[in-house]
Structures are given as C-alpha cells and as structure tokens.
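I open these notebook entries with the strand pairings and then turn to the nonpolar cores and the helix packing. The coordinates under study are shown below.

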Amino acid sequence: MNTQQLPVVVIGAGPAGLAAAAHLVERGIEPLVLEAGGRAGAAVREWNHVRLFSTWGEVVDPAAEKLLAPTGWTRPDPATYPSGGDWADLYLQPLADVLGDRVRYGARVTGVSRTGRDRIVDAGREAQTFVVHVAHADGREERLFARAVIDASGTWATPSPAGGSGLAALGEKAAADRITYRVPDLKDPAVRARYAGRRTAVIGSGASAFTALAHLADLAKSGDGAGTKSVWILRRGISGSTFGGGEADQLPARGALGLAAKAAVDEGHADAVTGFRTEAIERDTDGRLVLVGEDGRRLDAVDEVIVLTGFRPDLSFLGELRLGLDVRLQAPVELAPLIDPNQHSCGTVYPHGHRELSHPEQGVYLVGMKSYGRAPTFLAMTGYEQVRSVAAAIAGDLDAADRVELTLPETGVCGGAGLFDAPDAAQADGGGCCAPAPQLVQLGAPAPVGAAAEQAPAGGCCGS
Ligand SMILES: Cc1cc2nc3c(=O)[nH]c(=O)nc-3n(C[C@H](O)[C@H](O)[C@H](O)COP(=O)(O)OP(=O)(O)OC[C@H]3O[C@@H](n4cnc5c(N)ncnc54)[C@H](O)[C@@H]3O)c2cc1C
C-alpha cells in the first residue's frame with residue numbers, strides 16, 4: 001500500500017478538525033474527516049445557546065475562509081460575537097459542505113493503531129499505515145487506513161464530575177435526574193421551569209460557572225423567576241482573581257463574564273461556599289439533594305446541581321498508540337508546561353504547532369480542545385495555528401510548520417484560572433488561587449458590572 005496516497009484521517013468535524021481539513025486541502029493532501037454526530041460542529045451545537053466571548057474575527061480559520069470564498073461565503077461582521085449555534089450554522093456547516101464527501105457523519109472512531117502492530121510491537125512500526133476503526137450510526141463497522149491521524153475530537157463528551165477528588169461523588173450517578181454538566185439554556189421554557197424559583201448548586205470556577213451564575217441571577221430578577229437562588233461551590237477561597245481578568249482581559253467579553261458572576265454574588269442571587277470539596281450527593285426525604293463535603297459539612301438541600309468542573313480527554317480509542325502525554329494534564333508532554341493552569345492563564349501560552357504536539361508515535365497529533373487535555377484555557381485561534389503547523393509538517397514543509405503566525409490575547413489574570421489550591425498560594429499577586437477557607441461568603445455591596453449577563457457573551461474557556 002502506498003502510504004502517501006492514503007488520506008489523513010481527521011477525527012471530529014468541529015472547529016479544529018474542519019480547519020485541519022482546510023489546511024490539508026490547501027496543501028494538496030486529502031483529508032477524511034470522521035464525525036460521530038449527524039452534522040458539522042455536533043459538540044458546538046450542544047451549547048448553541050451560549051454566546052462566545054470571542055468575536056467572529058477570532059473564530060474563523062484563514063485557510064477555511066479561503067476555501068469558502070469561492071462559494072460566495074462572507075464572514076459575519078468580525079467585531080460581533082456569535083453564539084455556538086451561529087458558529088455551527090454560519091461557519092462550520094458551510095465549511096463542511098465545501099469539503100463535501102471528505103466529511104463523513106455518523107462515523108464514530110472507536111480505535112486507532114498501526115496496521116498489524118499493537119502498541120508493544122517495534123518491528124517495522126514506522127512503515128506501517130494507520131488503521132482506524134469506525135462504528136457507523138447504522139451499526140456497520142469499518143476499517144480505514146490513513147497516512148497520518150489528527151485527533152480533533154474535543155473533550156465536550158467527557159465532562160469532569162462533581163466529586164472533589166476527581167471521582168464521581170458518592171451518589172452522583174444516582175442523582176443524575178437533578179444534575180446537569182452543561183450551562184442550562186434558560187431560554188428554553190422547559191429548562192427555565194426546571195430552575196425558576198429553585199435553589200441550584202453551581203459547582204466550578206471557570207467561565208461556564210460564571211455564565212451559569214449570571215444566567216440564574218437574570219432568571220431571579222425576571223417575572224417568572226422569583227425565589228431563584230444559586231449556591232456557588234468552590235474548592236478554593238475567593239481572591240482578587242476568582243472572577244478572572246475583568247476589565248484587564250484582552251478579550252473583553254471573557255472578562256465581562258467574571259464581572260457578571262461577581263454581580264450575581266454581590267446582589268445576593270448567589271451564595272458562595274468556599275473550600276468545599278464534594279464527597280457525596282445524598283437525597284433528603286423530599287428528594288432534594290444534599291451536598292456533603294470531604295470535611296463532613298452538609299449543605300442545605302438544593303433542587304438542582306450544575307456541575308461545571310471542566311473536561312477530560314477521552315483516550316480510550318487511542319490505547320494502541322504510543323502517545324507522550326503529561327501525567328497530570330493528559331496533554332502532549334511538550335505542550336503541557338505551556339498550558340499548566342498552575343502557572344499560566346489563557347494568554348500566556350505561546351502559539352505552538354507540530355513540535356509541541358508530536359508523540360513517540362510519529363504521524364499522530366492531538367489538536368484543538370483535546371490537545372489541552374484537562375487544561376481549561378483553550379482558544380479556537382490556538383487550534384487554528386496548531387492545525388496550520390501540523391498540516392505543513394505532514395506535507396514536509398518544516399519551514400512553514402515551525403513558523404509562528406499568531407499572537408494570542410492576554411487574560412489579565414497572572415497565574416490564570418489556576419486549578420491549584422495550596423494554602424500558601426493564598427496571597428499570590430493576582431494568582432488564580434486562594435486559601436480554601438471553609439465558610440459561606442457574601443461579597444460586599446453591589447459592584448458595577450461591565451456587561452449585563454444578558455448582553456455578556458458567554459463562553460466555556462478557562463475552566464468551563
Ligand atoms: C461553552 C463553550 C464556550 C466556548 N467559548 C469559546 C470562545 O468564546 N472562544 C474560543 O476561542 N473558544 C471557546 N471555547 C473553547 C473551544 O474553542 C471550543 O470548545 C471548540 O468547540 C473546540 O473545538 P474542537 O474542534 O477542538 O472540539 P469540538 O468542538 O468539541 O469538536 C469535536 C468534534 O469531534 C466529534 N467527536 C468526538 N469524538 C469522536 C469520535 N470518537 N469519532 C468521531 N467524532 C468524534 C464531536 O462530535 C465534535 O463534533 C468554548 C468552549 C465551550 C465548551
């Protein structure tokens with residue numbers, strides 16, 4: 001089999017996967033995009049009600065735009081903010097349509113390996129093509145061959161649990177009927193009714209948690225939402241950086257999210273419970289949920305729980321490949337130090353490409369959201385630069401692959417959306433941490449908010 005004639009298999013038709021395909025096409029290499037969902041941007045569509053904090057100008061890939069141009073496609077106003085639904089409908093689907101039958105839907109990748117070589121076999125390994133197992137929506141199974149594999153399958157389908165130790169809390173699965181792992185769409189009447197007038201625990205400290213708190217506060221202020229109340233569960237304490245970079249964030253809409261969450265707390269719509277690591281979720285006699293902390297605290301019962309503690313990569317179908325992943329973040333080892341939330345905020349990672357994304361198994365790349373593993377700070381524009389470099393490397397154009405063609409914005413948070421919660425970091429200047437002080441906190445008087453939650457584009461980067 002002539003390896004060079006085989007396609008590059010791209011897993012996932014999200015923003016990163018489709019951009020990868022566009023860059024490959026630009027270089028005369030055939031991509032084959034395998035998408036588990038029925039349409040382009042299947043994951044993005046699941047949060048179609050959430051407004052991005054990035055503008056249109058920041059979420060369209062340059063090679064994709066070139067591919068789309070002959071179709072008469074024009075980018076929406078670059079200064080405006082798309083919702084997830086806009087991103088999928090107005091950009092991702094048209095892009096997938098241009099790629100035509102290079103994109104296959106209902107095609108879930110279930111395994112990737114070297115043909116005839118499991119993980120432990122060295123002999124002739126590098127010369128073997130990649131073999132990709134696909135489960136189709138109609139039940140068929142298929143074996144495809146590839147010269148290289150770009151895994152752009154994201155992390156959306158594998159959210160982290162409520163449990164403070166990274167494991168599902170005891171009782172978490174049994175309480176599934178009252179738990180969601182997504183920012184609820186409160187414009188949907190059925191969803192709205194679920195939270196209106198109810199007491200809801202929001203677990204997490206990133207942009208998605210900010211969004212949920214702001215939306216619930218809006219609900220509380222609206223005619224049908226009297227009595228709506230949030231309990232905001234934080235593993236850490238509250239410090240100057242808890243609410244993100246605010247007005248110092250170079251992505252103003254991202255900064256506004258934190259300010260809207262702060263307003264929700266300041267105005268009394270949300271009570272913050274700090275230093276709380278959820279150990280168990282129990283039901284009281286009337287079916288409401290009681291969160292129990294690892295320190296033994298039992299919180300007052302809530303009607304609903306929204307868990308927004310981040311995402312993890314699904315590595316299950318990559319088990320036969322020799323990946324070099326950081327033991328903590330599950331991101332490529334060269335990339336991990338650049339995005340470690342203990343050290344960096346969204347903007348402090350420098351643009352990177354094929355070198356930071358390579359593995360002992362040559363020809364395999366994890367890109368997009370998945371490349372960040374558990375790190376919470378991925379931006380679409382970072383992914384576009386990744387796939388530009390990776391496509392160039394696959395084409396053998398190392399000059400282009402090594403060139404950096406992107407400048408990333410700063411968050412305004414030194415130390416960023418840090419996940420660490422060591423007590424000695426409590427006073428870190430602008431850092432993303434604070435001593436976990438187990439107490440119920442009501443922040444002071446209402447503060448002016450940069451953008452009302454209704455207007456604030458909402459997003460899921462930085463701990464979404
Ligand atoms: C709520 C939210 C808001 C965000 N807002 C912003 C923002 O404002 N600005 C910004 O820059 N970034 C933002 N992000 C971060 C990031 O840009 C997006 O998550 C983006 O969608 C990541 O693109 P991706 O292509 O890497 O992954 P995804 O969009 O998750 O796409 C992965 C695709 O792979 C498919 N797939 C998964 N597994 C398989 C499989 N085994 N086989 C085949 N297909 C598979 C999925 O169905 C999906 O279509 C946000 C993220 C979230 C969650």
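**Entry 1: strand S9 and its partners**

I looked up strand S9 and found that four bridges join it to strand S14 (residues 304-307), the two strands running parallel. Within this pairing I noted Val-202 opposite Ile-306 of S14. I record here that the model is a predicted one.

I then followed S9 to strand S10 (residues 229-233), to which five bridges join it, again in parallel. Ala-201 has Val-231 in S10 as its bridge partner.

Is S9 mostly covered or mostly uncovered? I found S9 (residues 199-203) mostly covered, with four of its five residues buried.

**Entry 2: the three-stranded sheet**

I examined an open sheet of three strands, ordered S4-S5-S6 and paired antiparallel. Strands S4 (107-114) and S6 (141-146) are at its edges; each has a single partner strand, so one side of each lacks a neighbour in the sheet. On average, neighbouring strands here are turned by 25° against each other, direction ignored.

For the S4 pairing I counted seven bridges to strand S5 (residues 130-136), with the two strands antiparallel. Ser-113 has Val-131 of S5 as its bridge partner.

**Entry 3: nonpolar cores**

I next asked which residues of the largest nonpolar core touch the most other members. In this core of 88 residues they are Trp-87, Tyr-91 and Trp-232. Helix H9 (residues 380-394) supplies the largest share of the core, nine residues.

I listed the contacts of Trp-87, leaving out residues up to four places away in sequence. Among them are Pro-15, Trp-47, Trp-56, Pro-82, Leu-92, Ala-380 and Tyr-384. I also noted another core of 19 residues, lying apart from the largest one, which includes Ala-107, Val-134, Phe-317 and Leu-321.

**Entry 4: helices H1 and H9**

Finally, I looked up how helix H1 (residues 15-26) packs on H9: the angle is about 35° and the axes are 9 Å apart. The crossing of H1 past H9 is right-handed. From H1, the contact is made by Pro-15, Ala-16, Ala-19, Ala-20, His-23 and Leu-24. From H9, Tyr-384, Val-387, Arg-388, Ala-391 and Ile-394 take part. I note that Pro-15 and Tyr-384 occur in this contact and are also touched by Trp-87.

Methods:
Residues numbered from 1 in each chain as written. Predicted model: local features only at pLDDT ≥ 70, side-chain atom pairs only at ≥ 80, totals over all residues. Heavy atoms only, no water. Pairing = 2+ DSSP bridges. Axes fitted to C-alpha atoms, helices over the stretch in contact; angles between N-to-C directions. Core = buried A, V, L, I, M, F, W, Y, C linked by side-chain atoms within 4.5 Å. Buried < 20%, exposed > 50% of the residue type's maximum accessible area, 1.4 Å probe, protein only. Contact = heavy atoms within 4.5 Å. Left-handed = near helix turned anticlockwise from the far one by under 90°.
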